[in-house]
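Subject: Handover of a structure

Dear colleague,

I am passing the structure below to you.

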Amino acid sequence: MNVSNESFGGSSNIEIGDVVRWAKFDKKYSGVVSNKLFVNGGGRNVVFGVVFCFQTQDSKTILLLNLKKVVKNDEEVVEN
């Protein structure tokens, strides 16, 4: 079995400073990415985003694959 050595979630185009959205149990959230964390898990790096949440006014650590980048002022337009 051939396993890639790339970071899990590292190929995402989300950068620090991007406005992003995510959902958790039917609740939608948005915020700005303040940092990226690379955590060793399962034999490879897993990439998390530290996001300042606009709704709760605190920082959340979220798997980068769960974040969707907001590409325009229109909140409904997202990029995967």
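Two strands are said to pair if DSSP finds at least two bridges between them. Strands themselves (E, at least two residues) and helices (H or I, at least four residues) are DSSP runs, numbered from the N terminus. By the pairing rule, E1 and strand E5 (residues 68-70) are antiparallel partners joined over two bridges.

This is a predicted model, in which local features need pLDDT of at least 70 and side-chain atom pairs count only at pLDDT 80 or more, while totals for chains, interfaces and linings use all residues. Residues are numbered from 1 along each chain as its sequence is written, and side-chain values use heavy atoms, with hydrogens and water left out.

Overall picture

The protein has six strands and zero helices, giving the pattern β-β-β-β-β-β along the sequence. Of its 80 residues, 28% are buried, where buried means under 20% relative accessible area, exposed means over 50%, and partly exposed lies in between (1.4 Å probe, protein chains only). The accessible surface comes to about 5,700 Å², and carbon and sulfur atoms account for 49% of that area. Accessible areas come from the Shrake-Rupley method with a 1.4 Å probe, and for residues only the protein chains shown count as cover. Contact is defined as heavy atoms within 4.5 Å; among contacts between residues at least 6 apart in sequence, 39% join residues at least 24 apart.

Strand E1 and its partners

E1 also runs antiparallel to E2, with six bridges joining them. These strands form a hairpin with two residues between them, and Phe25 in the turn has a positive phi of about 50 degrees. Arg21 has Ser30 as its bridge partner in E2 and stands opposite Lys68 in E5.

The loops

Asp26 lies in the loop between strand E1 (19-24) and strand E2 (27-41). Its phi is near 65 degrees, a positive value in a residue other than glycine. Most residues other than glycine have a negative phi. Asp26 counts as exposed because its relative accessibility is 84%.

Gln57 is placed in the loop between E3 and strand E4 (59-63), and its phi is likewise positive, near 60 degrees. With a relative accessible area of 52%, Gln57 is exposed.

Asp58 is found in the loop between E3 and E4. Its relative accessibility is 31%, so Asp58 counts as partly exposed. The side chain of Asp58 makes a polar contact with that of Thr56 at 2.4 Å; such a contact is a pair of N or O atoms within 3.5 Å, where within protein one must be able to donate a hydrogen and the other to accept it, and residues adjacent in sequence count only if both atoms are side-chain atoms. Not counting residues up to four places away in sequence, Asp58 touches Val51, Phe52 and Cys53. The C-alpha atoms of Asp58 and Gly31 are 9.6 Å apart, with 27 residues separating the two along the chain.

Lys36 belongs to strand E2, and its side chain reaches the backbone oxygen of Ile14 at 2.8 Å. Leaving out residues up to four places away in sequence, Lys36 touches Ile14, Glu15, Ile16, Val47, Phe48 and Leu64.

Phe52 sits in strand E3 (residues 44-53). Phe52 counts as partly exposed because its relative accessibility is 30%.

Yours sincerely
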